[in-house]
Amino acid sequence: MLLTNIQVATMEGEGCGLIPDGVIALRGGRIGWVGPHTDLPDDMAGQDSRDLGGRLVTPGLIDCHTHLVHGGDRAREFEMRLEGASYEDIALAGGGILSTVRDTRAASVEDLVAAALPRLDALLAEGVCTVEIKSGYGLDIETELDMLRAARALERHRKVRVVTSFLGAHAVPPDYDGRADDYLEEVCLPALRAAHREGLVDAVDGFCEGIAFTPAQIERVFEAAQALGLPVKLHAEQLSHLGGTALAARHGALSADHVEYATADDARALARSGSVATLLPGAFYTLHESQLPPVAAFRRHGVPMALATDANPGSSPLFSLLLAMNMGCTLFRLTPQEALSGTTRHAARALGLADAGRIAPGMRADLAVWDVGHPAELSYRIGFNPLHQRWFNGEIA
Ligand code: NIG
Ligand code: FE
């Protein structure tokens, strides 16, 4: 099958790797060939083809940081913050993440799947083909496993690839108040090992913050992950600078996420470890944050930047990756090209995926076809969805 009469943003090499009059050959769910129309090999010319009318084709988008599976919502806290309470005040009063924990514990796997599907559908409608989903609202062994089972089950309900992260170190549950180390020993690490045995974990995440876990505590989780052969990533430097980014870099993390309070030294550390900085403008916006992530330092040191929704019921009720791209540009001053790299090739890297995020021979044929004339249009409009078609695994989804 050939896709013809297209502009292709391959996301290979410099910029978007744009091919103005391109052809993509699909072969068994993979990209067989891509290049300018004029270079199409003779033996391919006779295949079935589909004329896409000059539209732009990008890799299927990748949302590399979400908390899509959870019970309940936190609309009341949205109101409380507007009345003056801070995110940390609400968390310390037993709300915040812990309020979602109560609702998630009360839900069955089926309930969690049913609640996640409309959120997932909003992402898929904008060309997302791969989504990362974290646990972290269970904070007991069985509910952490159920969240990951629900995340995996979504792949059976929709044409999407789900990558899971175990986030048992997200908050200290009330029954372990003041005993974070006991929680790690008795719940978090046993849950991680059980989830890994069940094949539910692709990576291990944590929340390194004053209202969550210290770097020393996160290090215990990372050591347990590495003993199981699992890659790590971290919510780091979101509300304060505790050294999570440097810790993540020392452990060769796939990514350090949020990173508003990261420093130029942190950027150097990420560059050395080859970790991605994942920027989450939805949480920055929702929490009225004013500290900007050190984008210039990331650029200077060549740290790849990913962009994601951080879709969650508290700090980032954002279910549009295109809006995350727009916010990345307007709030963080990314270029539209950086925003697109952030939801394709760099997002793939933040998930450790070598077969997605670029259009090149051998890569998965997960594609988004857009009714736009230029890649910058994907970041430019607000609340407008120009998706024409989503291809998943070589088929229209
Ligand atoms: O990525 N930072 C910690 N975790 C989430 C927030 C979760 C919540 O508020 O429910 C985040 O922003
Ligand atoms: Fe998050």
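S315 is located in the loop that runs between β12 (305–307) and α12 (321–332). With a relative accessible area of 4%, S315 falls under the 20% limit and is therefore buried. Leaving aside residues up to four places away in sequence, S315 is in contact with R74, Y87, G282, A283, T286, L287 and D310.

The coordinates come from a predicted model. The chain has a mean pLDDT of 97, and 100% of its residues reach 70 or more. The ipTM is 0.93 and the pTM is 0.98.

**Annotated positions**

An unreviewed UniProt entry assigns the feature "binding site" to R74, Y137, H170, Q238 and S315. From this set, Y137, H170, Q238 and S315 belong to the lining of the largest cavity. R74, which carries the annotation in the UniProt record, is among the residues that S315 touches.

Where does H170 lie? H170 is placed in the loop between β7 and α6 (180–197). Is H170 buried or exposed? Its relative accessibility is 4%, so H170 counts as buried. The contacts of H170, again without residues up to four places away in sequence, are H67, I97, G136, Y137, L139, F207, A212 and F213. Y137 in this list is also one of the positions that UniProt marks as "binding site". G136 takes part through its backbone as well: its oxygen lies 2.9 Å from a polar atom of the H170 side chain.

**Salt bridges**

Side chains of opposite charge can pair when their charged atoms come close. In this model the count comes to 22 salt bridges.

| Pair | N to O distance | Relative accessibility |
|---|---|---|
| R158 and D121 | 2.6 Å | R158 28%, D121 30% |
| R149 and D146 | 2.7 Å | R149 23%, D146 15% |
| R161 and D355 | 3.0 Å | R161 16%, D355 17% |

R158 and D121 form a salt bridge with their closest N and O atoms 2.6 Å apart. R158 is partly exposed at 28% relative accessibility, and D121 is partly exposed at 30%.

R149 and D146 are both part of helix α5, where they stand 3 residues apart, about one turn of the helix. R149 is partly exposed at 23%, while D146 is buried at 15%.

The side chains of R161 and D355 meet at 3.0 Å, N to O. Elsewhere, salt bridges with shared partners join E142, D146, R149 and E198 into one network.

Methods
Residues are numbered from 1 along each chain as its sequence is written. Chains are lettered from A and ligands numbered from 1 in the order in which they are written. This is a predicted model: local features need pLDDT of at least 70, side-chain atom pairs count only at pLDDT 80 or more; totals for chains, interfaces and linings use all residues. Side-chain values use heavy atoms; hydrogens and water are left out. pLDDT is the predictor's confidence in each residue, from 0 to 100. A salt bridge is a side-chain nitrogen of Lys or Arg within 4 Å of a carboxyl oxygen of Asp or Glu. Buried means under 20% relative accessible area, exposed over 50%, partly exposed in between (1.4 Å probe, protein chains only). Helices (H or I, at least four residues) and strands (E, at least two) are DSSP runs, numbered from the N terminus. UniProt positions are given in the numbering used here, feature names are shortened, and annotations may be inferred rather than shown by experiment. On a 1 Å grid over the protein atoms alone, a cavity is a set of points where a 1.4 Å probe fits but cannot get out, and a pocket is an open set with protein on both sides within 12 Å along at least five of seven lines; lining residues have an atom within 4 Å of a point. Contact means heavy atoms within 4.5 Å. A polar contact is a pair of N or O atoms within 3.5 Å; within protein, one must be able to donate a hydrogen and the other to accept it, and residues adjacent in sequence count only if both atoms are side-chain atoms.
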